Amino acid sequence: MFAQKILRSLKNFRDDTRGVVSVEMVLILPLLFWSFAAVATFFDAYRTRSLAEKAAFTISDMLSRETNAVTAQYITNTRALFDELANSRSASSLRVSVISWNSALNAYEVDWSEARGDELVALQNSDMTALEPLLPVMSESDDLILVETLNDYSPRLNVGIGDVSIDTFVFTRPRYAPQLVFQS
């Protein structure tokens with residue numbers, strides 16, 4: 001008799017559906033909110049990366065069209081332009097370099113390089129070995145404008161991706177016969 005009473009109570013508990021929706025909501029709602037926050041955060045991270053790449057391409061194109069000598073103030077203002085175009089919320093770094101190919105040495109050479117920000121320093125000829133796989137094949141007397149940027153992305157919500165470093169590497173040929181010249 002006692003066993004039948006326990007079995008009947010367990011069967012009634014199993015068949016009782018009152019409050020099931022509330023329990024499901026309590027279990028699913030946090031996961032649903034986290035999913036929406038994660039999608040928004042990942043979208044914002046990709047948007048930020050896209051803005052940084054577009055800003056770097058814009059700066060590279062701007063420099064490729066420059067016919068006058070570039071000064072230190074010009075490079076400083078170019079970094080400010082990058083920050084504005086990329087909608088950067090953190091400190092950024094910018095490096096502009098003009099590279100040429102030396103067929104006698106069979107190596108890339110840095111004609112000049114200027115950097116702004118804390119993370120990047122001016123390129124030296126010794127740095128070109130590491131960059132060689134990333135650069136295109138060039139002929140003698142060809143010049144290349146290399147624009148590199150670096151900025152950090154900090155998500156507004158902590159959904160597990162943490163801070164991300166966004167770097168760009170863009171190269172362009174000068175559009176006009178005289179190469180881009182730096183004037184100190």
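Q: Buried means under 20% relative accessible area, exposed means over 50%, and partly exposed lies in between (1.4 Å probe, protein chains only). What relative accessible area does Glu-53 have?

A: Glu-53 has 31%, so that residue is partly exposed. This is a predicted model, where local features need pLDDT of at least 70 and side-chain atom pairs count only at pLDDT 80 or more, while totals for chains, interfaces and linings use all residues. Residues are numbered from 1 along each chain as its sequence is written, and side-chain values use heavy atoms, with hydrogens and water left out.

Q: Okay, and which residue does Glu-53 meet in a salt bridge?

A: Arg-49, at 3.4 Å from N to O. A salt bridge here is a side-chain nitrogen of Lys or Arg within 4 Å of a carboxyl oxygen of Asp or Glu. Both residues sit in helix α2, four residues apart, so about one helical turn separates them. Arg-49 is also partly exposed, at 32%.

Q: How many salt bridges does the structure hold?

A: Eight. Among them is the one between Asp-44 and Arg-47, whose closest N and O atoms are 2.8 Å apart. These two residues are both in helix α2, three residues apart, which is about one turn.

Q: Is Asp-44 buried or exposed?

A: Asp-44 is buried, with a relative accessible area of 15%.

Q: What else does Asp-44 form a salt bridge with?

A: Arg-89, with the closest N and O atoms 3.9 Å apart. Asp-44 belongs to helix α2 and Arg-89 to the loop between α3 (72-86) and β1 (92-102), so this pair ties together parts that are 45 residues apart in sequence. Arg-89 is partly exposed, at 46% relative accessibility. Together, Asp-44, Arg-47 and Arg-89 are linked in a network of salt bridges.

Q: Switching topic: what does UniProt say about residues 21-43?

A: The unreviewed entry annotates residues 21-43 as "transmembrane region". UniProt annotations may be inferred rather than shown by experiment. In the model, that span is 100% helix and 0% strand, and its end C-alpha atoms lie 31 Å apart. Helices (H or I, at least four residues) and strands (E, at least two) are DSSP runs, numbered from the N terminus.

Q: Which residues form the nonpolar patch on the surface?

A: Val-23, Met-25, Val-26, Leu-27, Ile-28, Leu-29, Leu-32, Phe-33 and Phe-36, with about 910 Å² of accessible area together. Patch members have over 30% relative accessible area and no salt bridge, and nonpolar side chains are joined within 5 Å (like charges within 9 Å). Accessible areas come from the Shrake-Rupley method with a 1.4 Å probe. Leu-29, one of the patch residues, is found in helix α2 (residues 20-64).

Q: And α1, how many of its residues are buried?

A: Zero of its 14 residues, so α1 is hardly covered.

Q: What span should helix α1 have?

A: At 1.5 Å a residue, its 14 residues (2-15) should span 20 Å, and the end C-alpha atoms are 20 Å apart, which agrees. The expected span is 1.5 Å times one less than the number of residues.

Q: Last one: where is Ser-113 found?

A: In strand β2 (residues 107-116). Ser-113 counts as buried, at 11% relative accessibility. Its side chain has a polar contact of 2.7 Å with the side chain of Ser-97. A polar contact is a pair of N or O atoms within 3.5 Å; within protein, one must be able to donate a hydrogen and the other to accept it, and residues adjacent in sequence count only if both atoms are side-chain atoms. The backbone nitrogen of Leu-123 also lies 2.9 Å from a polar atom of the Ser-113 side chain.
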